[in-house]
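Keep the sequence and the structure in view while reading.

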Amino acid sequence: LTVDYQGTTMTYTENEIDSAPLSVQMLFDYFNAAVNGDGASLNTLFTDYYFSNHGLPIEKYEDSFYQQKIYNIKASLISGPTAITQTSGIVTREIFEVSYYIMDNNGAFRPDLPDPEDGTIPIFFEVLTEDNVSKINQIFVYSE
């Protein structure tokens with residue numbers, strides 16, 4: 001996972017991820033779960049708000065799905081971190097632009113992604129961190 005965070009670009013491996021910001025650690029876990037087809041773990045990385053999706057519920061991942069051949073993962077912090085005061089306490093909001101490729105994409109994880117030779121489609125993750133736990137609150141796909 002290569003991350004551009006506040007002007008510093010780092011490539012994180014399993015051994016270095018503990019030194020990353022909490023939101024970046026969560027993104028690392030997100031892609032590890034996807035690569036391993038671990039839907040049960042993946043589902044824990046989202047807020048309830050994400051699944052409610054403005055009244056158009058998003059289905060949770062099955063506990064196990066086809067392992068994904070994800071590679072060349074790049075994330076850039078494009079907004080934040082911004083502290084938001086809520087009744088429950090301080091929540092930090094960050095938005096990442098994320099791009100990656102999936103070899104032999106069968107659609108189990110990201111059906112909209114083209115074959116690697118056709119490029120990738122960046123997505124935007126809104127990540128909220130509260131009480132030292134980061135979760136994905138929304139995912140946006142850029143559309144023209």
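Two strands pair if DSSP finds at least two bridges between them. Helices (H or I, at least four residues) and strands (E, at least two) are DSSP runs, numbered from the N terminus. The model is a predicted one, in which local features need pLDDT of at least 70 and side-chain atom pairs count only at pLDDT 80 or more, while totals for chains, interfaces and linings use all residues. Residues are numbered from 1 along each chain as its sequence is written, and side-chain values use heavy atoms, with hydrogens and water left out.

**Strand pairing**

Strand β1 (residues 2-5) runs parallel to β3, and 3 bridges connect them. A hairpin is formed by β3 and β4, with 2 residues between the strands.

Strands β5 (residues 123-130) and β6 (residues 133-141) are antiparallel and are joined by 8 bridges. Opposite Leu128 stands Lys135 in β6. These two strands form a hairpin as well, with 2 residues between them, and Asp131 in the turn has a positive phi of about 50°.

**Two buried residues**

Buried means under 20% relative accessible area, exposed means over 50%, and partly exposed lies in between (1.4 Å probe, protein chains only). Thr129 belongs to strand β5. Its relative accessible area is 13%, so Thr129 is buried. The side chains of Thr129 and Ser134 make a polar contact of 2.5 Å. A polar contact is a pair of N or O atoms within 3.5 Å; within protein, one must be able to donate a hydrogen and the other to accept it, and residues adjacent in sequence count only if both atoms are side-chain atoms. Contact in general means heavy atoms within 4.5 Å. Beyond four places in sequence, the contacts of Thr129 include Leu22, Ile90 and Thr92.

Where does Tyr12 lie? Tyr12 is in the loop between β2 (8-11) and α1 (22-35). Tyr12 counts as buried because its relative accessibility is 9%. Among the residues that Tyr12 touches, leaving out those up to four places away in sequence, are Leu1, Ile17, Val24 and Phe28. The C-alpha atoms of Tyr12 and Val24 are 9.1 Å apart, and the two residues are separated by 12 residues along the chain.

**Aromatic rings**

Rings of Phe, Tyr and Trp (its six-membered ring) pair if their centres lie within 6.5 Å; planes under 30 degrees apart count as stacked, over 60 as edge-to-face and the rest as tilted. The whole structure holds 11 aromatic pairs. Two of them are set out here.

| Pair | Centre to centre | Angle between planes | Type |
|---|---|---|---|
| Tyr30 and Phe31 | 5.0 Å | 90° | edge-to-face |
| Tyr71 and Tyr101 | 5.6 Å | 25° | stacked |

Tyr71 lies in strand β3 (residues 69-86) and Tyr101 in strand β4 (residues 89-103), so their pair ties together parts 30 residues apart in sequence. Tyr71 is partly exposed, at 33% relative accessibility, whereas Tyr30 and Phe31 are both buried.

One aromatic cluster includes Tyr30, Phe31, Phe51 and Phe125. Over the face of Phe51 lies Lys60, at 4.9 Å from the ring centre. A charge sits over a ring if NZ of Lys or CZ of Arg is within 6 Å of the ring centre and within 35 degrees of the ring normal.
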